Amino acid sequence: MDKKEEGTVEEPLDLIRLSLDERIFVKMRQDRELKGKLHAYDQHLNMILSDVEETMKVVQIDSDTGEEFIGTEKRNIKMLFVRGDGVILISPPLRTS
Amino acid sequence: MLFFSFYKTLVGKEITVELKNDLSITGLLQSVDQFLNIKLKDIKVNEEEKYPYMISVQNCFIRGSVVRYVHLPAGDVDVETLQDHSRLEAREQKKVQQQAQQQAQQAQQK
Amino acid sequence: MAMLEQYLKKQVLVLTADGRNIIGTLRGIDQTINIILEKCVERMYSDEGVQEINLGVHIIRGDDVAVIGEIDQELDKNLNLSDIIAQPMKPIVH
């Protein structure tokens with residue numbers, strides 16, 4: 001019973017369980033993206049990630065031409081709680097290597 | 001339940017709550033409830049000159065649903081325990097689901 | 001609601017989901033965070049300092065409440081509202 005529970009993927013949340021203690025990619029609302037190591041989650045997709053890199057798309061203005069363009073802003077956060085209602089998708093780590 | 005219990009272990013610690021309107025409030029966690037509503041004391045809004053709305057406020061209540069992120073004190077977070085609890089809760093959740101399915105099937109057969 | 005009881009009968013600042021700042025005396029609360037505010041004043045932020053508008057009694061729906069803060073009377077008295085220059089608060093975007 002336990003073996004089956006730990007190994008198989010029957011529903012989406014199983015895939016997230018198998019990503020615990022691994023680095024995952026999270027796409028958030030408002031053009032935000034997170035990469036970090038997953039330590040906790042629940043059925044609402046609330047999560048705790050560590051060593052997080054957040055990438056955010058922002059509208060910037062070119063100082064020479066005055067034209068608007070889409071740039072990215074990055075920041076690093078050691079330990080972060082993410083509220084699940086802002087999550088669009090979660091991508092588990094690549095297991096190709 | 002997992003995150004409610006987790007936040008209770010952080011009472012008295014300093015956290016930064018980032019809201020869905022870009023306001024970031026740093027303060028000591030005073031209490032939390034099952035909806036992850038949060039009460040903070042001795043607060044300071046980050047970039048206060050830009051966001052001066054709470055200058056005369058020291059204690060506040062934040063509705064859980066307006067929270068985007070919470071920046072946590074890494075040293076006070078036990079990741080091993082969190083991972084164990086996440087697995088446990090996933091298992092509990094599945095049991096509840098299966099029971100509900102069985103009951104629905106039985107009800108149909110009748 | 002137990003968590004908000006300590007703010008009852010006190011002057012509070014309510015930040016609403018649509019970005020408004022309302023100050024008033026907290027008269028009532030319920031489970032869904034619906035609140036009754038008495039002697040309401042809205043503080044409007046702009047490039048020309050803060051403007052205050054009297055609103056009387058307000059009942060604010062829980063879904064529209066973002067933050068409730070207890071006003072420290074001493075700190076608030078020392079504010080010079082006409083000197084505070086800031087953009088209006090952004091609305092909550094879910």
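Start by selecting Tyr7(B), Leu40(B), Met54(B), Ile62(B) and Leu72(B): of the 48 residues in the largest nonpolar core, these touch the most other members. Such a core is a set of buried Ala, Val, Leu, Ile, Met, Phe, Trp, Tyr and Cys residues joined through side-chain atoms within 4.5 Å, with buried meaning under 20% relative accessible area (1.4 Å probe, protein chains only). Now colour helix α1 (residues 2-8) of chain B, which gives the most to this core, with five residues.

Mind the ground rules: this is a predicted model, where local features need pLDDT of at least 70, side-chain atom pairs count only at pLDDT 80 or more, and totals for chains, interfaces and linings use all residues. Residues are numbered from 1 along each chain as its sequence is written, chains are lettered from A and ligands numbered from 1 in the order in which they are written, and side-chain values use heavy atoms, leaving out hydrogens and water.

Next, zoom in on Ile62(B). Beyond its neighbours within four places in sequence, its contacts (heavy atoms within 4.5 Å) include Val17(B), Leu19(B) and Leu40(B), plus Ala66(C) and Val67(C) from chain C.

Zoom out to chain B as cartoon. Two helices and five strands show up, in the order α-β-β-β-β-β-α from the N terminus; these are DSSP runs (helices H or I, at least four residues; strands E, at least two).

Hide the cartoon and colour by burial: buried residues make up 50% of the 110 in chain B.
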